Amino acid sequence: MADVLLLHSALGLRPGVHAFADLLRECGHEVTVPDYYEGHVFDEEAPGIAHRDAHPEYFETVRELAAALPPVTVLAGFSLGAWFAQRLAARRPRARAAILLHSVAAPRHDWSGVPVQVHRHADDPWIAPSDVSLLGAAVEASGAPFEDHVAPGHGHLFTDPDLPGYEAAVTAATIERIDAFID
């Protein structure tokens, strides 16, 4: 059992994020799912990204939420939330793991030693393969394990059952891999 901080995407705290959290809870994990968008939810990327851009304070809100959780908390997120989780993990060496769903950024500094697991489509318009390689190299150089799980196909948020790109079988495999990685 692990404590997991699960951060939503730029679309806000959608029912699909709660559904994913419930799947992790079924595996025995304690999952915290904050609404750092303060109730704002979007069905399309453009308005969600505009909202994110208008609120640079959201990362500080997430940082404060994470600080209130045990140091060994798993930091996980969808897209924007994964970006936040990665930034937190880079400076939180006691975190149990960073789970990056639908987003990866090149590291800004040496990696903290936190294990990282990535879940993405082979062709995701928001992920640069070079960023995955750079993060993987940094994580492995720190002595931590790095896993990159690539689902065939094109798209972004394949774990949200309310979005057109949802893939039930890939989501189920993602949950199994996450559970094994953090146990």
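Helices (H or I, at least four residues) and strands (E, at least two) are DSSP runs, numbered from the N terminus. The structure is a predicted model, in which local features need pLDDT of at least 70 and side-chain atom pairs count only at pLDDT 80 or more, while totals for chains, interfaces and linings use all residues. Residues are numbered from 1 along each chain as its sequence is written, and side-chain values use heavy atoms, with hydrogens and water left out.

Two packed helices are described by the angle between their axes and the distance between the axes. Helix α1 (residues 15-26) packs with helix α6 (residues 168-182) at an angle of about 45°, and their axes are 10 Å apart; axes are lines fitted to C-alpha atoms, for helices over the stretch in contact, and angles run from 0 to 180 degrees between N-to-C directions. The helices α1 and α6 are therefore oblique to each other (angles under 35 degrees count as roughly parallel, over 145 as roughly antiparallel, 65 to 115 as roughly perpendicular and the rest as oblique). On the side of α1, F20, L23 and L24 meet T171, T174, I175 and I178 of α6, where contact means heavy atoms within 4.5 Å.

A search of the whole structure finds eight aromatic pairs. Rings of Phe, Tyr and Trp (its six-membered ring) pair if their centres lie within 6.5 Å; planes under 30 degrees apart count as stacked, over 60 as edge-to-face and the rest as tilted. Y36 and Y37 form an edge-to-face pair, at 5.7 Å centre to centre and with 85° between the planes. Y36 also pairs with F84 in a tilted arrangement, at 5.4 Å centre to centre and with 55° between the planes. Y36 lies in the loop between β2 (30-32) and α2 (45-53), and F84 in helix α4 (residues 80-90), so the pair ties together parts that are 48 residues apart in sequence.

The relative accessible area is 2% for Y36, which is buried (buried means under 20% relative accessible area, exposed over 50%, partly exposed in between, with a 1.4 Å probe and protein chains only). Y37 is likewise buried, at 0%, and F84 is buried at 5%. Ring pairs link Y36, Y37, F42, Y58, F59, W83 and F84 into a cluster. R87 lies over the face of F59, at 4.0 Å from the ring centre; a charge sits over a ring if NZ of Lys or CZ of Arg is within 6 Å of the ring centre and within 35 degrees of the ring normal.
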